[in-house]
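Me: I have a structure open and some questions about it. Can we go through them one by one?

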Amino acid sequence: MKLAVLPGDGIGPEIVAQAVKVLNVLRADGLKIEMEEAPIGGAGYDSAGDPLPQATFKLAQDADAVLLGAVGDWKYDDLPRDMRPERGLLRIRKDLNLFANLRPALLYPELASASTLKPEVVSGLDLMIVRELTGDIYFGQPRGISRLKNGEREGINTMRYSESEIRRIGRIAFDIAMKRNKKVCSVDKANVLETTELWRQVMIEIARDYPEVELGHMYVDNAAMQLVRAPRQFDVMVTGNIFGDILSDEAAMLTGSIGMLPSASLDEHNKGMYEPSHGSAPDIAGKDMANPLATILSVAMMFRYTFNDPASADRIDNAVRKVIAQGYRTGDIWTQGSEKVSCSGMGDAVVAAM
Ligand code: NAD
């Protein structure tokens with residue numbers, strides 16, 4: 001297993017170091033894992049004048065999977081847009097053709113009080129959002145701001161999906177549902193938008209190949225409401241880029257802390273980039289305070305989706321469950337009565353639990 005490790009900026013190096021400890025446990029137990037590190041984001045700009053240095057991209061391209069920390073820092077805010085850290089991230093996603101973004105929202109029972117929703121609404125939440133990541137209105141042409149004949153300005157973006165783009169993300173959602181509770185909810189706005197009318201038709205066609213999976217449809221406005229009304233009704237939710245962008249952040253908040261949420265972005269061959277859902281948190285960088293669990297859980301996803309090794313994935317997931325049950329908490333999830341640990345302390349606790 002060849003892994004490109006891209007720590008990035010801010011808390012990136014601290015949280016990735018904890019994930020590497022976890023990988024080293026698996027390596028010591030016999031898994032053949034090769035790791036090589038390279039700079040991205042601000043670190044890429046500082047070392048090579050580019051937020052995605054050519055050598056970093058080559059390493060990621062040749063690897064089976066990429067583990068990323070986070071990018072960004074306020075000190076790069078004045079750079080031209082193309083040189084900003086976030087640009088490196090967008091480019092690597094696009095250039096590796098990582099079209100499927102998987103964002104689980106899982107609520108640990110011990111953290112139910114950290115959610116803004118009532119515990120009885122969110123406890124037991126275990127939802128997977130599958131978001132298309134390289135198409136839709138974010139990339140469709142024509143786009144831009146132009147001037148009309150009467151002199152006023154007009155902004156244009158184009159919502160576009162080809163059948164094959166819908167089919168490949170749909171298949172990923174159905175394959176994931178087969179490994180979970182066999183329910184897919186496809187989110188669209190088929191009553192108003194033709195693009196998503198096609199989306200719905202293609203989802204219905206795909207469902208014929210998965211007779212065991214129950215397919216439902218929901219308009220995006222209703223889905224946004226249902227996520228806060230009764231989020232446990234969902235197993236796998238599949239949707240396009242813009243709807244997924246919004247709904248995945250909404251779902252993330254249900255679980256209380258962004259420091260707990262992993263993510264995966266996959267290409268057609270299940271090669272993936274794995275990263276926490278949060279950013280580089282410059283406000284706490286270098287203080288050994290960050291929560292490394294989202295990054296560690298991203299490694300579990302890597303074993304589940306790229307390396308097809310559910311045993312290693314379960315081993316990491318169970319270790320995280322155990323440290324939470326044991327009462328270890330970083331500052332972001334700390335409550336009275338639990339034991340506050342540092343970022344590296346949390347990494348050590350997970351290693352011990354493994
Ligand atoms: P952020 O996610 O970095 O931080 C938001 C808040 O959550 C901060 O208070 C931070 O301290 C806290 N936080 C985040 N992760 C945490 C963790 N693991 N443990 C404990 N607390 C945590 O978002 P932001 O402040 O809006 O952005 C900071 C920088 O990160 C910006 O440069 C932004 O562009 C970048 N960013 C990067 C990514 C990415 O790399 N995928 C995503 C979002 C933002």
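Me: Which residues is L67 in contact with, leaving aside its neighbours within four places in sequence?
Reply: This is a predicted model, to start with. In it, L67 contacts L3, A4, V5, L6, V16, A19, L23, Y274, T295, V299 and M302.

Me: Where is L67 found?
Reply: L67 is in strand 3.

Me: Buried or exposed?
Reply: L67 is at 0% relative accessibility, so it counts as buried.

Me: What separation do the C-alpha atoms of L67 and K179 have?
Reply: Those C-alpha atoms are 23 Å apart. Along the chain, L67 and K179 are 112 residues apart.

Me: Switching to helix 4. Which of its residues are buried?
Reply: P85, G88, L89 and I92. Helix 4 itself covers residues 85-95.

Me: Why do they count as being on the same side of helix 4?
Reply: Because they cover an arc of only 100° around the axis.

Me: And what covers them?
Reply: The cover includes strand 1 (2-8), helix 2 (42-48) and helix 3 (54-62). Strand 3 (65-70) and strand 12 (272-276) are also part of it.

Me: What follows helix 4?
Reply: N97 does, with a positive phi. The value is about 55°, although N97 is not a glycine. N97 is found in the loop between helix 4 and strand 4 (100-106).

Me: What is the relative accessibility of N97?
Reply: N97 is at 30%, so it counts as partly exposed.

Me: Where does N270 lie, then?
Reply: N270 is in the loop between strand 11 (262-266) and strand 12. With a relative accessible area of 35%, N270 is partly exposed.

Me: Which residues does the cis peptide bond join?
Reply: Q141 and P142, with omega about -5°. P142 is in the loop between strand 5 (126-132) and strand 6 (144-147).

Me: Now helix packing. At what angle do helix 10 and helix 11 pack?
Reply: The angle is about 155°, and the axes are 7 Å apart. Helix 10 is residues 293-305, and helix 11 is residues 310-325. The two are therefore roughly antiparallel to each other.

Me: Left-handed or right-handed crossing?
Reply: Helix 10 passes helix 11 in a left-handed crossing.

Me: Which residues make the contact?
Reply: From helix 10, they are L293, I296, L297, V299, A300, F303 and R304. From helix 11, they are P310, S312, A313, D314, I316, D317, V320 and I324.

Me: How many nonpolar, polar and charged residues does that contact have?
Reply: The contact of helix 10 with helix 11 has eleven nonpolar, one polar and three charged residues.

Me: Last topic. Where is S186 found?
Reply: S186 is in strand 8 (residues 183-188).

Me: Why does S186 count as buried?
Reply: Because its relative accessibility is 0%, and the cut-off for buried is under 20%.

Me: What is S186 in contact with, past its neighbours within four places in sequence?
Reply: S186 contacts W199, M203, L215, G216, H217, M218 and V238.

Key
Residues are numbered from 1 along each chain as its sequence is written. This is a predicted model: local features need pLDDT of at least 70, side-chain atom pairs count only at pLDDT 80 or more; totals for chains, interfaces and linings use all residues. Side-chain values use heavy atoms; hydrogens and water are left out. Axes are lines fitted to C-alpha atoms, for helices over the stretch in contact, and angles run from 0 to 180 degrees between N-to-C directions. Helices (H or I, at least four residues) and strands (E, at least two) are DSSP runs, numbered from the N terminus. Angles under 35 degrees count as roughly parallel, over 145 as roughly antiparallel, 65 to 115 as roughly perpendicular and the rest as oblique. A crossing is left-handed if the near helix is turned anticlockwise from the far one by less than a right angle, and right-handed if clockwise. Contact means heavy atoms within 4.5 Å. Ala, Val, Leu, Ile, Met, Phe, Trp, Tyr, Cys and Pro count as nonpolar, Asp, Glu, Lys and Arg as charged, and the others, Gly among them, as polar. Buried means under 20% relative accessible area, exposed over 50%, partly exposed in between (1.4 Å probe, protein chains only). The arc is that of the directions from the helix axis to the C-beta atoms.
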